[in-house]
Each structure stands twice: as C-alpha cells, then as structure tokens.
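Try each task before you read its solution.

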Amino acid sequence: MAVPPATGCSPEMNVDNLQVLRVLGRGAMGTVLLVHDSSRDPSASSPFALKVIDKSNALTRHDANRRARWEISVLSRLSRPDHPFLPHLIGSFETEDLIGWAIPYCPGGDLNDLCHHQSDRVFSPAVIKFYAAEIVCALEHLHASGIAYRDLKPENVLIQQSGHVTLTDFDLSQQFTQKKVVTIPLRAQEPPTFEADSQLKKHRKNPIRLISAAGDTRFQNTKKGKPARVSPVIRRYLSFSDGERSNSFVGTEEYVAPEIVRGEGHEFAVDWWALGVLAYEMLYGRTPFKGKNRKETFRNVLVKPPEFMGKRTTLMDLIERLLEKDPIRRLGYLCGAKEIKEHPFFRGVKWDLLPEVVRPPFIPSRDDDNSAERLRVDVGEFFHRQRRPPPSPLPSPSRGLQRSLSLPEF
Ligand SMILES: Nc1ncnc2c1ncn2[C@@H]1O[C@H](COP(=O)(O)OP(=O)(O)OP(=O)(O)O)[C@@H](O)[C@H]1O
C-alpha cells in the first residue's frame, strides 16, 4: 500500500498559525487538540480538531508516522465528495518533529460518553435506530470506496454540533482494491430461543485495542495493543472463493469478528459484526462477548451465541443476524448495507433524509464549550512543553521547615 507524504494530498497548513485551545483527547497514537488558525480566524469562532503525532516519541515512532500518513490519505479520499457522517480533511502539515491533520470538531463527545450520561447507560430502541442508521450509511460509503473500517466502537463514533454522528480514527482501516462478488446463497437460520430477564446495566471497562500482524506489517511494533494470543492461527483462504482479504489481526478486543480471531482472511463483513456488537451494547449497556480475560472473550466471540433478555424484538433479530459467526451467513455479507437497510428494524427510516433530521436524540450545548478554559499556545510550543521532563519535586513544607530549623546547628 503506497503511503503518500503527509501533506501530499491535502491543503497544507502553516503550523505557526495554529493555536491550541485545549486537549480533546489522547489516543495510543497521538494527541487530538482543539485549535484555531490565528491568521484566518483570530477570534477562534470556528475551531477544528487537530490530530498530532509527535515523531520524536520513542513509544510511537516505529510506525505512527506510517499510520498517520495512511489516515491522512484515507481522509483526503473521504473528502471527495464529503459524506455527512464521515470527517473530511481540512488540511495537514508536517515538520521535523510533528505530523498533524485537521478535521471538523465534534463537540458532543463520543457515543461511549453519551451512553454513560444515560440514567441506566442504555439507549431506547428509537435512539439506537437513529445512531445505527447513520453508522450504516457511513460504513456503506466507506465500503463503496473500497475501505474496511475495522475499528467500529462507541469511542470512535463522535457527535457533531448538529447531533449527527461522525466516525473517526481510520488508522486501522484497510483499502481493498477488488470488489467482492459472491454467489453463495445464505442458509436459512433456526429462530433462537430467549430467556426473560431484566436488562443488564453493567458497563464494559476500557477495551484493549489489539493489533497483532499476521502478514500486515503496517500494524507491527505498535504501542496500541499487545499481540493477540490466539493459536493456532489457521488461514482458510479457500473457504472464500472470491475477493481480496486481509489476514492481519486488528481491532478492539470486544468488537473483533470471529474470522479475525481465527486468523482467517477478512474483509468488509467485520464492520457489520462490529455494528452488531455496538447495537447490543447500546441496548444492554454491555458488550455481548466480554469474558474475564482476553482468552475467554475470544472464546466467547468464537462459540458463544449472544444472550438476549426480554421480549423478542426486531432489534434483537438484527443484532443476531449481524453477530452471525460465519461471515458468509452474516447480514451484509452478500449485498452490503442494502441488506441491512432492508431489515424490519429499520422500517420507516427515510435513508436519504437522515442528514436532514433536525432533532437528533442529543444535541450538544454550545455553552459547555465556550465555558471551557482555553490554553492559547501554539502547536509547536505545546509539544515542546510536553517533551520537557517534569520539574523535580519541591521540598515539602515540613521538610523545608526541618532544614531551616536545623540550620543553626551548622
Ligand atoms: N473531531 C474530533 N472532535 C472532538 N474530539 C475528537 C475528535 N477527534 C478525536 N477526538 C477525541 O480524541 C480522542 C482520540 O482520538 P483518536 O481515537 O482519533 O486518536 P487515536 O490516537 O487514534 O486513538 P486510539 O487510541 O483510539 O487509536 C477521541 O476519543 C475523542 O475523544
């Protein structure tokens, strides 16, 4: 995969004009800052998000540069034309120490934060329908561009000022040059049985992001995750007669599809699996396969059917069909997003009008953001300060007192 220079495919930005307002988030790969361009927007009325990789960081430098370039190139492709639920690239820069790229700022935080603010940490089916529908549209666009996202999880679904979603973080995505054409028919599925139970309200702790390359060198030696210890890795290329597939182990533990755990080739269907996990999490407040440890989680991913509580609904049916262990039988495998959009859970959704919905379930308040404290330091200086070793601790008052008290003895 050719990785272009950071600024080779996007409007170049002058880093000296970029003023940091505050830190939006820190990921395994870089720091995301809220910035404004002091030359074009001195009053900071239209700030944007700037993701910056510090090339001098020993922990990330092995492949962060390469992944940064990849993310920039994906974003620049997504910007032609823009999609309402995907970010577009505002611009990028590269200096001796830093690579940075700007995307629109999403002031509503992510779906994980939003879920935590619900009284019982779950969303109603109507809210799930709204967010799932927008995510389906975003994935449809990515897949039509030949890109498998491979990192769908609530933390990567950001909420725009309008309340609509934006997917973020494309460094694990992969381009497939060949389009999938499949002729294998879906087999009929037995209707499952369900136990009545109260809704589970526990929430998953921070997921561990996994990247272990089995043939994909882009993801080796990264800080982001420990290698997955799934053995033996059996690759059954022959079970998939068509199309191009990746054999890298990539994704976030609780969201990885069984074919990734098995080390088989995988492609776009891994995103439909992750959508099933996400929809389950929005419904029950926990992911469906989480075990006591990674080994148990993977075992559950491979063999455990998802448990559903309560009266059978179309949402449960959708989730179950997305969480089909065999990717060939999974909803979305044969005809992509079209199949998912036609599922009864989405009945009544006016897909073309989704971006125009004026009252999404949650609209961030503008006041929250204006009241936040602003740093107002330029990007270069911000990272310069970050690299400085922490000052040595001052003597504690009691120690200082003891020392001064003991002075007369000398
Ligand atoms: N456009 C944005 N608007 C607002 N906040 C953002 C934006 N992009 C990223 N963030 C915040 O920064 C955090 C880290 O961003 P991101 O996931 O892209 O970084 P990363 O280094 O790739 O992290 P990861 O560890 O998931 O790989 C996000 O969880 C989010 O809170």
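**Exercise 1.** Where does the ligand lie relative to domain 1 (15-107 + 366-383) and domain 2 (111-356), and why?

*Solution.* Begin with the ground rules. This is a predicted model: local features need pLDDT of at least 70, side-chain atom pairs count only at pLDDT 80 or more, and totals for chains, interfaces and linings use all residues. Residues are numbered from 1 along each chain as its sequence is written.

Step 1. Take the domain bounds, which come from an automatic or database domain assignment.
Step 2. Look at the shell around the ligand. Both domain 1 and domain 2 give residues to the shell, so the ligand lies between them.

**Exercise 2.** Describe the shell around the ligand.

*Solution.* 
Step 1. Count the shell: 20 residues surround the ligand (a residue is near if its C-beta atom, placed from the backbone, lies within 6 Å).
Step 2. Pick out the closest: Gly25, Gly27, Met29, Val32 and Ala49.
Step 3. Sort by type. Nine are nonpolar, four polar and seven charged. Here Ala, Val, Leu, Ile, Met, Phe, Trp, Tyr, Cys and Pro count as nonpolar, Asp, Glu, Lys and Arg as charged, and the others, Gly among them, as polar.
Step 4. Find the strands. Strand E1 (18-26) and strand E3 (48-54) each supply at least two shell residues. Helices (H or I, at least four residues) and strands (E, at least two) are DSSP runs, numbered from the N terminus.

**Exercise 3.** Is Lys51 buried or exposed?

*Solution.* 
Step 1. Locate Lys51: it lies in strand E3.
Step 2. Recall the cut-offs. A residue is buried if 20 or more other C-beta atoms, placed from the backbone, lie within 10 Å of its own, exposed if 12 or fewer, and partly exposed in between.
Step 3. Apply them. Lys51 has 25 C-beta neighbours inside 10 Å, so Lys51 counts as buried.
Step 4. Check the record. An unreviewed UniProt entry places a "binding site" at Lys51; such annotations may be inferred rather than shown by experiment.

**Exercise 4.** Which residues have the most contacts inside the largest nonpolar core?

*Solution.* 
Step 1. Define the core: buried Ala, Val, Leu, Ile, Met, Phe, Trp, Tyr and Cys residues joined through C-beta atoms within 7 Å.
Step 2. The largest core has 91 residues, and Ile135, Trp273, Leu275, Ala279 and Leu322 have the most contacts inside it.
Step 3. Find the main contributor. Helix H5 (residues 269-284) gives the most to this core, with 13 residues.
Step 4. Ile135 lies in helix H3 (residues 125-144). With 23 C-beta neighbours inside 10 Å, Ile135 counts as buried.

Conventions. A residue is near a molecule or strand if its C-beta atom, placed from the backbone, lies within 6 Å of it.
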